[in-house]
Amino acid sequence: MSVPRRFLPSIASLRALEAVDRLGSASAAAVELSLTQGAVSRQLQALERQLGIELVLRDGKALSLTPDATDYAQEVRHALDRIAQATLQVQSVPLAGSLNLAILPAFGMRWLMPRLPAFSRRHPDVTINMSTRLSPFNFATQSFDAALHFGHADWPGTDSLLLKHEQLLPVCAPELVKRAKVDAPGDILALPLLHIQTRPTAWADWFQRQQVPTSGTLGGSMYDQFSTINQAALHGLGVALMPDYLVEQDLATGRLVSLHPVPEDIGGAYYLVWPTSKSRHGGLQKFRDWLAGQAQPEDPLPR
């Protein structure tokens, strides 16, 4: 794609604009960029001439950005970050390169991490850089090649690989059930319920599948991550509806007890998701092909 020169300002001018917007003054931008205040002003003037619009309001020696310039600077900031990430990637890893992966904290730590040494032994030329994200994001504005995602395979502009269906168990500390009799799913309603923000209807859906009527909003405390809700359950604060893979060890050691005989799927699964535009990424292809052998593609729902 050939872009006219007037639409491609210099990096120096864009850095000056972004720094003034972020730091609030030309003097602070000058310090960060190791320039004089006059040099920063000249970069902004050159940008104004090239774009043919006013970006800076000048009052004596003080200057501030126009509202349009502030909006432009925010877009420039995203673009500069993408350029920096791409530069780091191309510099840091040879051969297949690096893979920038967004992971869900609990699933990434408990399911993916134990498997990664096998991938590293098979593909030592691929480095995986990981950052945690709790909710879906826009691949266009985040420098990720792929993500571990929970939900359904409906992320726009992406392809996906099913990794594991989520199957849930109601669990609590043994001391909690000593104080209350739980012979049927409906008896759990008498105990304090622990909720997780990313699955706000999980308990309601579970009780519905057990044909247990509930009235109104189910009470209880709310937690933002499975790691914290797991600790709350371990310390007897209530009953948590947990993915089976997260509580296997605690159930085996008796630190938690299950209040239902088998884990149940209530919809949703874990996926590896990647932008369609990155399907030919060398590191991603190797990771995806290897991960396919670790996946659980079968549908656990009864038909």
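This is a predicted model: local features need pLDDT of at least 70, side-chain atom pairs count only at pLDDT 80 or more; totals for chains, interfaces and linings use all residues.

Student: At what angle do helix 1 and helix 3 cross?

Tutor: Helices (H or I, at least four residues) and strands (E, at least two) are DSSP runs, numbered from the N terminus. Axes are lines fitted to C-alpha atoms, for helices over the stretch in contact, and angles run from 0 to 180 degrees between N-to-C directions. Here the axes of helix 1 (residues 11-23) and helix 3 (residues 37-51) come within 8 Å and cross at roughly 110 degrees.

Student: How is such an angle put into words?

Tutor: Angles under 35 degrees count as roughly parallel, over 145 as roughly antiparallel, 65 to 115 as roughly perpendicular and the rest as oblique. Helix 1 and helix 3 are therefore roughly perpendicular to each other. For handedness, a crossing is left-handed if the near helix is turned anticlockwise from the far one by less than a right angle, and right-handed if clockwise. Helix 1 passes helix 3 in a left-handed crossing.

Student: Which residues of helix 1 and helix 3 meet?

Tutor: Contact means heavy atoms within 4.5 Å. From helix 1 come A12, S13, L14, A16, L17 and V20, and they meet V40, Q43, L44, A46 and L47 in helix 3. The residues of this contact divide into 9 nonpolar, 2 polar and no charged. In this classification Ala, Val, Leu, Ile, Met, Phe, Trp, Tyr, Cys and Pro count as nonpolar, Asp, Glu, Lys and Arg as charged, and the others, Gly among them, as polar.

Student: How does helix 1 pack with helix 2?

Tutor: Helix 1 and helix 2 (residues 26-33) pack at an angle of about 125 degrees, their axes being 8 Å apart. The two helices are therefore oblique to each other, and their crossing is right-handed. R15, A16, A19, V20, R22 and L23 of helix 1 make the contact with A26, A28, A29, E32 and L33 of helix 2. Its residues divide into 8 nonpolar, no polar and 3 charged.

Student: What is the span of helix 3, and which of its residues are buried?

Tutor: The expected span of a helix is 1.5 Å times one less than its number of residues. Helix 3 has 15 residues and reaches 21 Å from its first C-alpha to its last, close to the 21 Å expected. As to burial, buried means under 20% relative accessible area, exposed over 50%, and partly exposed in between (1.4 Å probe, protein chains only). The buried residues of helix 3 are A39, V40, S41, L44, L47 and E48. An α-helix has 3.6 residues a turn, so residues three or four places apart point the same way. In helix 9 (residues 226-234), F226, I229, N230, A232, A233 and L234 are buried.

Student: Where is a positive phi found?

Tutor: S34 lies in the loop between helix 2 and helix 3 and is exposed, with a relative accessible area of 65%. Q211, not a glycine, has a positive phi of about 60 degrees. Q211 is placed in the loop between helix 8 (202-209) and strand 8 (221-223), and at 73% relative accessibility Q211 counts as exposed.

Student: How far apart in space are D289 and L161?

Tutor: Separation along the chain and separation in space are read side by side. D289 and L161 are 128 residues apart in sequence and 9.7 Å apart in space, C-alpha to C-alpha. D289 is found in helix 11 (residues 282-292) and is exposed, with a relative accessible area of 56%. For A12 and Q210, 198 residues apart in sequence, the C-alpha to C-alpha distance is 63 Å.

Terms used: Residues are numbered from 1 along each chain as its sequence is written. Side-chain values use heavy atoms; hydrogens and water are left out.
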